Amino acid sequence: MKFLRSIYNLVGCLDYLPATLAATLLGGAAGGEGSAPRLGVAALSNLLLFSFAVIYQKIENAPMEAAQANGKGRNPIASGEVSIRFARAFSAVVVLVCLALAALLGPLNIVLELLGVLIAITLSYRGLNLGNSALMRLEKQQPLLSVIFGLSGFLATAQRLKIEAILLTIFLLAFGFLFAAWTAEKSTKPLSRPMLIILLVFATAAAYMLFIVFEVIPAWVLLLIVLLTSVLALLKHRFNPNQQSMPQILFDSMAIASAISLIISYLVQEIF
């Protein structure tokens with residue numbers, strides 16, 4: 001049990017699970033009707049990729065967090081609960097399993113997962129001195145890796161790139177960075193106002209093309225996402241033990257609502 005608890009603390013509390021599932025399932029919906037098992041493999045591979053990003057970031061941040069008062073509580077490597085040697089070995093195993101699952105889907109999926117690994121290493125590696133960049137002050141993994149997740153789900157169903165893949169990439173990047181900037185701490189100003197306006201325009205245009213023109217998601221699913229997001233946001237705001245900000249509550253609620261709604265949509269398609 002102690003070993004499993006250490007693994008759980010190393011990987012994190014899986015707060016990123018709904019967002020990872022939502023991006024993957026959205027990509028699968030944009031790719032068209034495909035194999036549900038293939039989409040499940042893509043989702044599992046993406047979840048392992050994000051787990052690696054979290055573990056590697058904790059490895060790189062361990063020396064700094066060990067000297068902080070509350071850093072040891074966030075990082076089991078800094079507290080000594082998990083050795084850095086074990087964390088590196090476990091992260092390597094996670095990457096290998098991730099790539100093995102991607103290999104079941106095709107060579108493009110392997111390339112995507114390798115690109116995701118490279119992004120995770122590049123943005124967290126302290127030797128590159130990116131700590132003061134605007135990108136690092138955002139929750140950078142979610143906007144960038146969400147594109148990998150979406151395209152992975154897309155290729156799991158479509159198996160070839162189409163114009164929807166480009167629109168999906170634009171939407172996930174723009175939407176992800178908008179939410180990352182919105183949920184950033186007030187002490188930081190990661191993006192200028194003109195950049196935020198540009199991102200908003202791109203996100204709106206891509207969403208219009210995906211959901212209105214191409215109708216990658218049925219209208220009832222979009223409505224369900226809106227309703228579930230509203231209900232979950234109200235509940236999380238009412239019972240908010242962690243004192244989360246309203247933007248973070250809204251993002252978490254939307255991620256959970258999107259994942260649940262898209263899963264229901266796929267179940268309806270399989271049954272009927």
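These legends describe close-up views of a predicted model.

**View 1. Asn109 in helix α7****.** Asn109 sits in helix α7, which spans residues 107–124. Its relative accessible area is 2%, so Asn109 is buried. Leaving aside residues up to four places away in sequence, Asn109 touches Ala102, Ser152 and Leu155.

**View 2. The stacked pair Phe171 and Phe175****.** The structure holds eight aromatic pairs. In one of them, the ring centres of Phe171 and Phe175 lie 5.3 Å apart and the planes meet at 15 degrees, so the pair is stacked; the cut-off for stacking is under 30 degrees. Both residues belong to helix α10 (residues 163–182). They are four residues apart, and therefore separated by about one helical turn. Phe171 is buried, at 10% relative accessibility. Phe175 is partly exposed, at 26%.

**View 3. The edge-to-face pair Phe171 and Phe211****.** The ring centres of Phe171 and Phe211 are 5.5 Å apart, with planes at 90 degrees, so this pair is edge-to-face. The pair links distant parts of the chain. Phe171 is in helix α10, Phe211 is in helix α11 (residues 193–213), and 40 residues separate them. Phe211 has 15% relative accessibility and counts as buried.

**View 4. An aromatic cluster of Phe residues****.** One aromatic cluster is formed by Phe171, Phe175, Phe179, Phe211 and Phe251. Phe171 takes part in the stacked pair with Phe175 and in the edge-to-face pair with Phe211.

**View 5. Arg238 over the ring of Phe239****.** Arg238 lies over the face of Phe239. The distance to the ring centre is 5.1 Å.

Methods: Residues are numbered from 1 along each chain as its sequence is written. This is a predicted model: local features need pLDDT of at least 70, side-chain atom pairs count only at pLDDT 80 or more; totals for chains, interfaces and linings use all residues. Side-chain values use heavy atoms; hydrogens and water are left out. Helices (H or I, at least four residues) and strands (E, at least two) are DSSP runs, numbered from the N terminus. Buried means under 20% relative accessible area, exposed over 50%, partly exposed in between (1.4 Å probe, protein chains only). Contact means heavy atoms within 4.5 Å. Rings of Phe, Tyr and Trp (its six-membered ring) pair if their centres lie within 6.5 Å; planes under 30 degrees apart count as stacked, over 60 as edge-to-face and the rest as tilted. A charge sits over a ring if NZ of Lys or CZ of Arg is within 6 Å of the ring centre and within 35 degrees of the ring normal.
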